[in-house]
Amino acid sequence: KGPAESIRFPDRTSHIGKLINDYLLSTKETENTSDQTIHLLFSANRWEAAKDIETKLNNGVTLVCDRYAYSGVAFSSAKNVPGMDLDWCRTCDRGLPSPDCIIYLDMPVENAAQRGDFGNERYEKIDFQKQVREKFMALKKGDEDASLVPWHTIDAQQSIENISEQINNIVDNVMEAVKEKPIRKLFTD
Ligand code: 2DT
Ligand code: MG
């Protein structure tokens, strides 16, 4: 199947990523950071990696990415800030290399909250997480209706073995389907 690598966003190791990390930890320096500002920083954190991502894909590396632009859109739009609707939130990510599929690991927010460390970071509040989940569902439906990026929802309360088997099957099919296809650009169709 060729080489594969895992990446994740936010990448907290870059300069921009450190600002994002401070924001998520609610440090004093970030107490006046606006919702628009942090949204754009999350996007910039992807743009600073975009060339690298394209190079790797063009060299035949399969990338598995933990969160990407859809997290940016879902989390920021879930804040319900006037003017920051789905379209506004998508704009700055338009043109990034697109994923070939999205695998959404789903579970009730209450159960997710029982897992390690929940509550330490800014967005880890049950009510907000429920809003975010609604946004993800809306994004998924939008992509399905317009035949954009294919989504797969997996019940994340199953065993790790079951989950990884399902993911493997999905990935096999997607890799076959996109084998000779060019890299698509996000949010441009
Ligand atoms: P992790 O817990 O996965 O490190 O994410 N987030 C993430 C955004 O609000 N916008 C984004 O663009 C991305 C990629 C989701 C840290 C938190 O950051 C949120 C949870
Ligand atoms: Mg987290």
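## The segment after H7

Phe 187 sits in the segment that follows helix H7 (160-178). This is a predicted model. The phi angle of Phe 187 is near 60 degrees, which is a positive value in a residue other than glycine. Is Phe 187 buried or exposed? With 15% relative accessibility, Phe 187 counts as buried, because the cut-off for buried is under 20%.

## Another positive phi

Asp 117 also has a positive phi, near 70 degrees, and is a residue other than glycine. Its place is the loop between helix H5 (109-112) and H6. Asp 117 has 61% relative accessibility, so it counts as exposed. The cut-off for exposed is over 50%.

How far is Asp 117 from Pro 150? Their C-alpha atoms are separated by 31 Å. Along the chain, the two residues are 33 residues apart.

## A cis peptide bond

The peptide bond from Phe 9 to Pro 10 is cis. Its omega is near -5 degrees. Pro 10 belongs to the loop between strand S1 (4-8) and H1.

## Helix H1 against helix H2

Helix H1 (residues 15-24) meets H2. Their axes come within 9 Å and cross at roughly 140 degrees. The two helices are therefore oblique to each other. The crossing is left-handed.

Which residues make the contact? H1 supplies Ile 16, Gly 17, Leu 19, Ile 20, Tyr 23 and Leu 24. H2 supplies Asp 35, Ile 38, Leu 41, Phe 42, Ala 44, Asn 45 and Glu 48. By class, the residues of this contact are nine nonpolar, two polar and two charged.

## Helix H3, enclosed

Where does H3 (residues 69-77) stand? Nine of its nine residues are buried, so the helix is largely enclosed by the rest of the structure. The buried residues are Ala 69, Tyr 70, Ser 71, Gly 72, Val 73, Ala 74, Phe 75, Ser 76 and Ser 77.

## Helix H3 against helix H6

H3 and H6 pack with their axes 8 Å apart, at an angle of about 130 degrees. That angle makes H3 oblique to H6. The crossing of H3 and H6 is right-handed.

On the H3 side, the contact uses Tyr 70, Ser 71, Val 73, Ala 74, Phe 75 and Ser 77. On the H6 side are Phe 128, Gln 129, Val 132, Lys 135, Phe 136, Leu 139 and Asp 143. Sorted by class, the contact has eight nonpolar, three polar and two charged residues.

## The nonpolar cores

In soluble globular proteins, nonpolar side chains tend to be buried together. In this model, the largest nonpolar core has 34 residues. Which of them have the most contacts inside it? They are Tyr 68, Tyr 70, Tyr 123, Val 132, Phe 136, Trp 151 and Leu 186. The elements that give two or more residues to this core are H1, H2, H3, S3 and H6.

Val 132 touches Ala 74, Phe 75 and Ala 78, leaving out residues up to four places away in sequence. Another core lies apart from the largest one. This other core has five residues, including Cys 101, Ile 154, Ile 170 and Val 174.

How values were computed:
Residues are numbered from 1 along each chain as its sequence is written. Chains are lettered from A and ligands numbered from 1 in the order in which they are written. This is a predicted model: local features need pLDDT of at least 70, side-chain atom pairs count only at pLDDT 80 or more; totals for chains, interfaces and linings use all residues. Side-chain values use heavy atoms; hydrogens and water are left out. Buried means under 20% relative accessible area, exposed over 50%, partly exposed in between (1.4 Å probe, protein chains only). Helices (H or I, at least four residues) and strands (E, at least two) are DSSP runs, numbered from the N terminus. Axes are lines fitted to C-alpha atoms, for helices over the stretch in contact, and angles run from 0 to 180 degrees between N-to-C directions. Angles under 35 degrees count as roughly parallel, over 145 as roughly antiparallel, 65 to 115 as roughly perpendicular and the rest as oblique. A crossing is left-handed if the near helix is turned anticlockwise from the far one by less than a right angle, and right-handed if clockwise. Contact means heavy atoms within 4.5 Å. Ala, Val, Leu, Ile, Met, Phe, Trp, Tyr, Cys and Pro count as nonpolar, Asp, Glu, Lys and Arg as charged, and the others, Gly among them, as polar. A nonpolar core is a set of buried Ala, Val, Leu, Ile, Met, Phe, Trp, Tyr and Cys residues joined through side-chain atoms within 4.5 Å.
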